[in-house]
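Trainee: Could we go through this protein together, one question at a time? I would like to learn how to read it.

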Amino acid sequence: MSVDVRGKTIVVMGLGESGAAASAFLARRGARVIATDAKTEAELGRAREHLATLRALGVEIVSGGHPPELLRAADLIVLSPGVPPTLDALVEAHRAGVPILGEVELAARFLKGLLIGVTGTNGKTTVTAWIGDLLARCGYCAHVGGNIGRALVRVIEEVHDVRCVVVAELSSFQLETIQTLRPRVAVVTNIAPDHLDRHGSLEAYVAAKRRIFRNQTEEDWAVLNADDPTVRAMVEATRARVLFFSRQADARIERGVLLRGEEIVLRWGEHEHVLAHRSDIPLRGRHNVENALAAIGGMLAGASLMDPRGEPEAQPVALARALAVREALRAFPGVEHRLEWVARIEGVDYYNDSKATNVASTLVALEALDGPLVLILGGRDKGDDFTRLRPLVAERVAHVLVLGEAAEKIRAALEDVVPMTRCATLEEAVRAARRLARPGMAVVLSPACASFDMFENFEHRGRVFKDAVRRLAEESPEASREGGDRW
């Protein structure tokens with residue numbers, strides 16, 4: 001399925017992780033690559049680190065815009081996820097007959113081995129990492145990438161064996177440009193309003209997520225959240241075999257990974273096999289029970305395609321009995337920037353939840369942590385409704401520190417619920433949190449917003465938060481940091 005790029009003029013739009021990786025990937029395969037970005041080189045921030053490497057590979061860099069004449073003259077255009085396919089210059093190039101591929105679609109054209117794709121609104125990063133970790137601990141060759149932080153084209157360059165599996169987090173931005181990409185296992189965690197500033201409506205956002213099933217066949221698996229009505233209804237969008245996961249052990253589910261009481265079980269028709277106990281889940285919060293169920297389901301479905309045991313329809317059952325699922329589940333270390341414990345300073349715990357880029361994700365964090373909390377909110381609004389935070393903020397939050405472009409909208413949504421303080425920087429917010437928090441409380445960065453107003457991405461925001469907390473810890477004689485007793 002791979003495409004011959006040698007000697008072709010290819011414009012790669014966007015110089016973040018995906019664009020830089022795609023540019024290098026194509027240049028190494030003999031293409032003439034022109035990489036463009038709407039930002040000037042001075043505005044690219046950490047992305048400038050890629051430029052010397054790309055230029056050494058012969059990539060031409062065009063910053064400060066995407067010249068339409070370059071796009072119209074290209075043999076192929078490759079889009080980074082952050083570049084909207086509705087840009088006028090792209091529409092013109094498409095009319096001129098220039099093929100346009102997203103970065104993950106480009107990767108799919110060169111992929112060897114099996115692909116497990118994970119999408120949804122929240123939890124997809126944790127579930128992606130967890131599936132890869134479970135597979136590796138159960139003895140399979142597994143590589144992890146996509147929207148989780150490493151571009152898919154970087155990952156597929158490491159995969160030389162068709163017996164390996166690639167586990168990819170797939171965002172709605174990535175899915176809206178796929179053509180041939182076929183996840184042999186498609187996992188959908190949940191759906192809540194997100195990225196409405198780009199998609200325009202919840203319906204369009206859900207439609208983008210459903211594209212993960214576009215190329216599946218009856219030989220594939222769809223692993224779906226039975227507790228989420230929107231996700232459960234996606235059973236109609238795929239031809240694949242369906243494996244549900246559920247925290248409610250719904251009697252209507254014939255095949256699925258379920259929480260039954262305190263046991264995690266695989267139900268297969270009239271039979272149930274105990275896989276693990278709820279206490280074996282190493283991460284905190286009800287949402288991580290759901291993430292664990294999704295990860296186990298994705299792992300068993302993927303392993304069944306690589307490791308045929310017994311009848312094809314019942315292979316997940318045979319594997320559940322044969323693999324050390326419980327031990328593998330216990331060993332998962334968690335994901336950076338997702339309710340990540342950073343330090344305990346003078347009796348106050350600090351959590352980095354920078355990955356919470358929407359209201360639904362921040363609600364999950366508030367449900368997982370016991371109050372009272374000092375909550376840091378704010379960033380770039382994605383069209384979300386911050387009033388949805390009101391009940392849990394009233395119940396669990398003692399003070400909100402707000403910053404960024406969305407500060408005024410958040411203030412209007414919450415000011416009559418909780419005391420609020422406006423901060424100019426994240427470092428200022430961390431200092432203010434230390435003054436406000438008392439022993440037994442927790443400080444959590446869970447912004448409910450995108451990071452691009454003040455930071456390069458949510459990872460950058462999380463690192464800035466952790467650095468600020470560590471500086472506080474260095475000033476305190478009574479501080480424990482990452483790796484200590486969290487709970």
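Trainee: Which residues of H15 are buried?
Mentor: Happy to start there, and keep in mind that this is a predicted model. Buried here means under 20% relative accessible area. The buried ones are Val359, Ala360, Ser361, Thr362, Leu363, Val364, Ala365, Leu366 and Ala368.

Trainee: What covers the buried residues of H15?
Mentor: Look for elements with heavy atoms within 4.5 Å of those residues. Both helices and strands turn up in the cover. Among them are helix H12 (286–306), strand E17 (373–377), helix H16 (390–396) and strand E18 (397–402).

Trainee: Let us turn to H1. How many of its 12 residues are buried?
Mentor: The buried residues of H1 include Ser18, Gly19, Phe25 and Leu26. What covers them includes strand E1 (9–13), strand E2 (32–37), helix H2 (51–56), strand E4 (76–79), H5 and helix H7 (152–156). H1 is largely enclosed by the rest of the structure, because the number of buried residues is 10 of the 12.

Trainee: How far does H1 reach from its first C-alpha to its last?
Mentor: Start from the 12 residues of H1. At 1.5 Å a residue, the expected reach is 16 Å. The model comes close to that, with 17 Å.

Trainee: Which residue with a positive phi follows H1?
Mentor: Step past the end of the helix, which runs over residues 17–28. The phi there is near 90°. The residue that follows H1 with this positive value is Gly30.

Trainee: At what angle do the axes of H1 and H5 cross?
Mentor: Two packed helices are described by the angle between their axes and the distance between the axes. For H1 and H5 (residues 103–110), the axes come within 10 Å. H1 passes H5 in a left-handed crossing, and the angle is roughly 35°.

Trainee: How many nonpolar residues are there in the contact of H1 with H5?
Mentor: On the H1 side you find Ser18, Ala22, Phe25 and Leu26, which meet Glu103, Leu106 and Phe110 in H5. The contact has 1 polar and 1 charged residue. The nonpolar residues number 5.

Trainee: Is Ile61 buried or exposed?
Mentor: Ile61 lies in strand E3 (residues 60–63). Leaving aside neighbours within four places in sequence, Ile61 is in contact with Leu15, Ala35, Glu41, Leu51, Leu54 and Arg55. Its relative accessible area is 14%, so Ile61 is buried.

Trainee: And what is the relative accessible area of Ala204?
Mentor: Ala204 lies in helix H10 (residues 202–210). The C-alpha atoms of Ala204 and Ser172, 32 residues apart along the chain, are separated by 9.8 Å. Ala204 is partly exposed, with a value of 29%.

Methods: Residues are numbered from 1 along each chain as its sequence is written. This is a predicted model: local features need pLDDT of at least 70, side-chain atom pairs count only at pLDDT 80 or more; totals for chains, interfaces and linings use all residues. Side-chain values use heavy atoms; hydrogens and water are left out. Axes are lines fitted to C-alpha atoms, for helices over the stretch in contact, and angles run from 0 to 180 degrees between N-to-C directions. Helices (H or I, at least four residues) and strands (E, at least two) are DSSP runs, numbered from the N terminus. A crossing is left-handed if the near helix is turned anticlockwise from the far one by less than a right angle, and right-handed if clockwise. Ala, Val, Leu, Ile, Met, Phe, Trp, Tyr, Cys and Pro count as nonpolar, Asp, Glu, Lys and Arg as charged, and the others, Gly among them, as polar. The expected span of a helix is 1.5 Å times one less than its number of residues. Buried means under 20% relative accessible area, exposed over 50%, partly exposed in between (1.4 Å probe, protein chains only).
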